[in-house]
Amino acid sequence: MPFEADLAHALDRTTDSLEPDLTALLGGAVERGRSRRRRRSAAVIAGVGACTVVAVAGLVIPGALAGARPSGSDIETVALAVPRSAITGTQMVDALKETLPGGTFSQMTGQSNNPSDPSGGYVANGQLVVDDGHGAALVGVSAVRLKLPLRDGDGLSCERTPARAEGDTCTLSELPSSAAVPGGAVVMSERNAAEHPVRGDTAHRWTVTVTLKSTGAQLQMVQWNSTGGGSGADTPKPTRTAPPLSEQRVVAALTGAAWAPILGAVG
């Protein structure tokens, strides 16, 4: 099915209330890149939503699901561009391991993109469970390229209809142009609870999205303070109070040496 991995990317970045049981997915239903059926769930690291339409111009996502700013209607288009070169799932996992030194890793999965074949998808991602001595945590990164000019949409706006649940947060900032980030970048940082109302044993996820303004290359890291994601009672209980990496360390990592080749390949 053409564009199925791009469909998975659209499904990936949606509201918290529509997330899947990542524990079950990690158990074998989704080992991304190993079959077409599994590629449909390739980008589950951030949570999967249920409503997505693939359009010729790109991915059309209801604004309420994508966290996009509605403009005249609550439909927002997040268009993906063809990556400049291929990225393997192994590259994604290796870069992720380099970003999390000093820990032990398990449940490692990755998916390649395929710039020459739309049916192979334009989304590359990797995920693993890391235990750094403070509790095991699910961590994943996806890599895509958005079409220019950038629009308010996936990873570019904190505005959402309907509003975020109480206690969930989102902030936007910008990185100035530099050798590592030519043209500057938009950074979107989110913290979301797996269920509402939040209890003492509710797991959370932390999502940091870095989008280069000059190329549209976008990396998104998702960290859970549990061994898997999901919604409500399906989410594994927290194993720690904070994610393995702070927002500042995530931004530094995604714009650093480990991810530079992947940013270049995407954008």
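Among contacts in the protein between residues at least 6 apart in sequence, what share joins residues at least 24 apart? The answer is 64%, with a contact meaning heavy atoms within 4.5 Å.

A quick word on the ground rules. This is a predicted model, where local features need pLDDT of at least 70, side-chain atom pairs count only at pLDDT 80 or more, and totals for chains, interfaces and linings use all residues. Residues are numbered from 1 along each chain as its sequence is written, and side-chain values use heavy atoms, leaving out hydrogens and water.

The protein has seven helices and 10 strands, taken as DSSP runs numbered from the N terminus (helices: H or I, at least four residues; strands: E, at least two). Of its 267 residues, 57% are buried, i.e. under 20% relative accessible area with a 1.4 Å probe, protein chains only.

Now for the sheet. Seven strands make an open, antiparallel one, ordered E4-E5-E6-E10-E9-E8-E7; strands pair if DSSP finds at least two bridges between them. E4 (104-111) and E7 (169-175) sit at the edges with a single partner strand each, so one side of each has no neighbour in the sheet. On average, neighbouring strands are turned by 15 degrees against each other, direction ignored. E5 (residues 124-131) and E6 (residues 136-145) pair over eight bridges, and Asn125 stands opposite Ser142 in E6.

Two helices lie across the strands, as listed here. Axes are lines fitted to C-alpha atoms, for helices over the stretch in contact, and angles run from 0 to 180 degrees between N-to-C directions.

| Helix | Lies across | Angle |
|---|---|---|
| H5 (residues 89-99) | E4, E5, E6 and E10 (217-224) | about 40 degrees to E5 |
| H6 (residues 247-254) | E6, E7, E8 (185-193), E9 (204-212) and E10 | about 35 degrees to E9 |

Methods. Buried < 20%, exposed > 50% of the residue type's maximum accessible area, 1.4 Å probe, protein only.
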